[in-house]
Amino acid sequence: MTRPPRILLFAGSIRTGAYSGKVAAAAQKELALQGAEVTRISLGDYPLPIMNQDLETEEGVPENAIKLARLFASHDAVMICTPEYNGSIPPLLKNAIDWISRAKENGKPIRAFSGRIGCICCSSNGHFAGIRSASHLRQVLAHIQMDVIASQVSVPNAGEAFDQNGDFKEERLRNGMNRTCKALIETASLCMQMD
Ligand SMILES: Cc1cc2nc3c(=O)[nH]c(=O)nc-3n(C[C@H](O)[C@H](O)[C@H](O)COP(=O)(O)O)c2cc1C
């Protein structure tokens, strides 16, 4: 009997009422409905200093980056719901990725990204849904050898996108989240069988 895929899920914003947090909540609901085992975290629970190699040399990689790297490594897939800052990845998220990429255990790099399945959602209150941030994030994750699935959910006008239950008002977005979660679970399950 195969186990359900374990999916780590988080938003690239810790703002109160963040749209990306609402997208993560909608994804959590859908992934669970489709049978995945979901761990949703907040980057706010893993505060990190701004990446500075002097700090790394003097004090090592912060414990929170190591904890995050271990979390990545213990899941089959990672879904990231990102906002967009000035056409790109917000610093909270990029800084976390940069630190995680430096995490080591017993002198060996923790394989947080390599070979892991990734999935991206993006949101913004504008018409373009943060898609520039999503495409930059896709490039960064590919560079560190994550296998990011093609399917993604892009939520424009995010201030108006959710009903009082936190569900997407538009059928197009509900279907999009359904399809993306299905693709993520199928891809992660396939990779688990090959391991
Ligand atoms: C520094 C900064 C830059 C931003 N740049 C963009 C942008 O390029 N494109 C966009 O759609 N929204 C941009 N915004 C607006 C964000 O989409 C909006 O603040 C959004 O609520 C942030 O995501 P969150 O709700 O998940 O925290 C920017 C916001 C900030 C603070």
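How many residues line the largest pocket, and which of them lie nearest its centre? The structure is a predicted model. In this model, 16 residues line the largest pocket. Asp76, Gly115, Arg116, Cys191 and Asp195 lie nearest the centre. The volume of this pocket is about 230 Å³. Helix 6, which spans residues 171-194, gives the largest share of the lining. Its contribution is four residues. By class, the lining of the largest pocket holds six nonpolar, four polar and six charged residues.

The second largest pocket contains about 170 Å³ of space. Its lining includes Ile100 and Ser101. Residues Pro109, Ile110, Arg111, Ala112, Phe113 and Ser114 also belong to the lining of the second largest pocket. His143, Ile144 and Gln145 complete the list. Six residues of this lining are nonpolar, four are polar and one is charged.

In the side chain of arginine 15, an N or O atom is 2.8 Å from an oxygen atom of the ligand. A polar backbone atom of glycine 87 is 2.8 Å from a ligand oxygen. For serine 124, the distance from a side-chain N or O atom to an oxygen atom of the ligand is 2.7 Å. On its own, the ligand has 620 Å² of accessible area, of which the protein covers 68%.

Is asparagine 86 buried or exposed? Its relative accessibility is 83%, so asparagine 86 counts as exposed. The cut-off for exposed is over 50%.

Asparagine 106 also has a positive phi without being a glycine; the value is about 50°. The residue is placed in the loop between strand 4 (104-105) and strand 5 (108-109). Asparagine 106 counts as exposed because its relative accessibility is 79%.

Glutamate 56 belongs to helix 2 (residues 53-59). With a relative accessible area of 13%, glutamate 56 is buried. The cut-off for buried is under 20%. Which side chain makes a polar contact with the side chain of glutamate 56? The partner is the side chain of arginine 102, at 2.9 Å.

Serine 74 lies in the loop between helix 3 (63-73) and strand 3. The relative accessible area of serine 74 is 38%, so the residue is partly exposed. In sequence, serine 74 and serine 189 are 115 residues apart. In space, their C-alpha atoms are 15 Å apart.

Note on methods:
Residues numbered from 1 in each chain as written. Predicted model: local features only at pLDDT ≥ 70, side-chain atom pairs only at ≥ 80, totals over all residues. Heavy atoms only, no water. Polar contact = N/O pair within 3.5 Å; in protein donor to acceptor, adjacent residues only side chain to side chain. Areas by Shrake-Rupley, 256 points an atom, 1.4 Å probe, with all protein chains shown as cover. 1 Å grid on protein atoms, 1.4 Å probe; cavity = no way out; pocket = protein on both sides within 12 Å on 5 of 7 lines; lining within 4 Å. Points joined across faces, edges and corners; volume = space filled by probe spheres on them. Helix = DSSP H or I, 4+ residues; strand = E, 2+ residues; numbered from the N terminus. Nonpolar A, V, L, I, M, F, W, Y, C, P; charged D, E, K, R; others polar. Buried < 20%, exposed > 50% of the residue type's maximum accessible area, 1.4 Å probe, protein only.
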